[in-house]
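Take it one heading at a time and turn the view as you go.

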Amino acid sequence: MFPERIETDRLVLERLCHETLDVFEFYRVCSDADGEEDMAAVTRYMPWDPHETVNESKEFIDRCEKQWDEGEAATYAIRPRDGEDGAGTFAGAGGLHLDWERRTARLGMWLRKRFWGRGYSGERAAALMEVAFERLDLDVVAVTHHAENDKSQRAIEKYVDTHGGRCEGRLRNWVPYGEGVADEYRYTITHEEYRAATA
């Protein structure tokens, strides 16, 4: 149902599974095992913490494979293409989470800090919107961000505006965060808005 591989101008998105991503490489990145990743900054506004064991990383990949096979989500390993700094390196993960009853896909993404500020978020979002609207024929693509995450807000607002969407508002006490809950902003793009913006 989902494409195994997607290529954009500067990125390769490949199905995140045990065949395409070594669990030890994934753990090294997600645990900040070598102290080079600053995963505390990466996960600051995420609903997960840096991985503490290799098994935690394995279970994450297992979950991605199961969700893919059951049509619940398509999670991709993101790598810069040839010609980009860090070409071929695992840069992060992104994907679509599907709500078939609502005919909606929700975008999600995280990147290693060294890949921030390159515009990869918008490039990945455009590719996954094409999958959601052109391949899966969904009605809406949604994306959220933690209310205090200014960097994500700027990136999301840019690509949502480019594709004709809008901010739906602030969802109070919406997402699990730390020991409590946090506010999020939600944005949507409809199929019609996408078509008009990309015509």
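## The second largest pocket

In this predicted model, the lining of the second largest pocket is made up of five nonpolar, three polar and four charged residues. The space inside comes to about 250 Å³. Strands E4 (92-99), E5 (104-111), E6 (140-146) and E7 (166-177) are the elements that each give two or more residues to this lining.

To find the pocket on your screen, select His97, Leu98, Asp99, Arg102, Thr104, Ala105, Arg106, Ala142, Thr144, Leu171, Trp174 and Arg186, which line it.

Strands of a sheet are held in pairs by backbone hydrogen bonds, in a parallel or an antiparallel fashion. E5 is a handy place to look at both kinds of pairing. With E4 it runs antiparallel, and eight bridges join the two; here Leu96 stands opposite Leu107 of E5. With E6, E5 runs parallel, joined by three bridges, and Arg106 stands opposite Ala142 of E6. Arg106 and Ala142 are also among the residues that line the pocket described above.

## Helices across the strands

Is E6 mostly covered or mostly open? It is mostly covered, as six of its seven residues are buried.

Thr75 belongs to strand E3 (residues 73-80). Why does Thr75 count as buried? Its relative accessible area is 9%, and the term applies to anything under 20%. Beyond its neighbours within four places in sequence, Thr75 is in contact with Glu14, Arg15, Leu16, Cys64, Trp68, Ala93, Gly94 and Gly95.

Ser57 sits in helix H3 (residues 54-69). This serine is buried, because its relative accessibility is 0%. Residues up to four places away in sequence aside, Ser57 touches Val23, Phe26, Tyr27 and His51.

## Two residues with positive phi

Most residues other than glycine have a negative phi. Phi of Asp137 is near 55°, a positive value in a residue that is not glycine. You will find Asp137 in the loop between H4 and E6, where it counts as partly exposed at 43% relative accessibility.

Asn173 is also not a glycine, and its phi is positive at about 50°. This asparagine is found in strand E7. Is Asn173 buried or exposed? It counts as exposed, because its relative accessibility is 55% and exposed means over 50%.

Methods
Residues numbered from 1 in each chain as written. Predicted model: local features only at pLDDT ≥ 70, side-chain atom pairs only at ≥ 80, totals over all residues. Heavy atoms only, no water. 1 Å grid on protein atoms, 1.4 Å probe; cavity = no way out; pocket = protein on both sides within 12 Å on 5 of 7 lines; lining within 4 Å. Points joined across faces, edges and corners; volume = space filled by probe spheres on them. Helix = DSSP H or I, 4+ residues; strand = E, 2+ residues; numbered from the N terminus. Nonpolar A, V, L, I, M, F, W, Y, C, P; charged D, E, K, R; others polar. Buried < 20%, exposed > 50% of the residue type's maximum accessible area, 1.4 Å probe, protein only. Contact = heavy atoms within 4.5 Å. Pairing = 2+ DSSP bridges.
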